[in-house]
Amino acid sequence: MQKQVDPKADIILAIGMILFSGLIYLGSQDLPPPRYEPMGSAAVPQGLAVLMALLSVLLIFRALPHLKTFQASANQITDVTPRPVLAIIVFALTLIFIALLDFGILSFIPAGILYMTAIGYFLTHRNLKRMPRFFVFSVLMVVSNYYLFTRVFYIDLP
């Protein structure tokens, strides 16, 4: 039997995404007009905002018929273990990563490799046997993203 999702949660999420889409769309209005390209830099955020809003409306329409038939189970068993300390650690590592880049202590490639390796270390319950895999994955991901952004999209990374 498939677990049924609370349609109220879907509707609340969809309304939040519509509001967030509106903020993105309004915020992109201040972007400068195009100089060399026909669409300008505001086209992507505005297009994504419209797409998010349309998908959110679709989610609302799909959840509405299930409002009356949904029955919440009282003793729902989940396989998810809440780990708030891990969330705080990942958030702190993200702030450190941003600070390293912002203050010019490290460039993108070494800072990104350290950041992703550290997060992999904490997400695997500090298992040192998995560290080589995360290090290789971090190197491949960071270097490929660096070249993708700098050579294909022409975005300078720190």
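1. Basis. The model is predicted: local features need pLDDT of at least 70, side-chain atom pairs count only at pLDDT 80 or more, and totals for chains, interfaces and linings use all residues. Residues are numbered from 1 along each chain as its sequence is written, and side-chain values use heavy atoms, with hydrogens and water left out.

2. Length of α3. Helices here are DSSP runs (H or I, at least four residues), numbered from the N terminus. Helix α3 covers residues 84-102, and its end C-alpha atoms are 27 Å apart. The expected span (1.5 Å times one less than the number of residues) is also 27 Å for its 19 residues, so the two agree. After α3 comes Gly104, with a positive phi near 75°.

3. Faces of α3. Leu86, Leu93, Phe97 and Leu101 are the buried residues of α3; buried means under 20% relative accessible area, exposed over 50%, and partly exposed in between (1.4 Å probe, protein chains only). Seen down the helix axis, the buried residues fall within an arc of 70°, so they line one face of α3; the arc is taken from the directions from the axis to the C-beta atoms. An α-helix has 3.6 residues a turn, so residues three or four places apart point the same way. The face turned away from the buried side carries the exposed residues Pro84, Val85, Ile88, Phe91 and Asp102. The cover over the buried residues includes α4 (108-123).

4. Aromatic pairs. Rings of Phe, Tyr and Trp (its six-membered ring) pair if their centres lie within 6.5 Å; planes under 30 degrees apart count as stacked, over 60 as edge-to-face and the rest as tilted. The count comes to 5 aromatic pairs. Phe108 and Tyr146 are stacked, because their ring centres are 6.3 Å apart and their planes lie at 20°. Phe108 is in α4 and Tyr146 in α5, so this pair ties together parts 38 residues apart in sequence. Phe108 is buried at 15% relative accessibility, while Tyr146 is partly exposed at 22%. Tyr121 and Phe122 form an edge-to-face pair, 5.2 Å centre to centre with 70° between the planes. Phe97, Phe108, Tyr115, Tyr146 and Tyr147 form one aromatic cluster.

5. Thr150. Thr150 belongs to helix α5 (residues 131-152) and is buried, with a relative accessible area of 13%. A polar atom of the Thr150 side chain lies 2.7 Å from the backbone oxygen of Tyr146. Leaving out residues up to four places away in sequence, Thr150 touches Ile155 and Leu157, where contact means heavy atoms within 4.5 Å.

Technical notes: Helix = DSSP H or I, 4+ residues; strand = E, 2+ residues; numbered from the N terminus. Polar contact = N/O pair within 3.5 Å; in protein donor to acceptor, adjacent residues only side chain to side chain.
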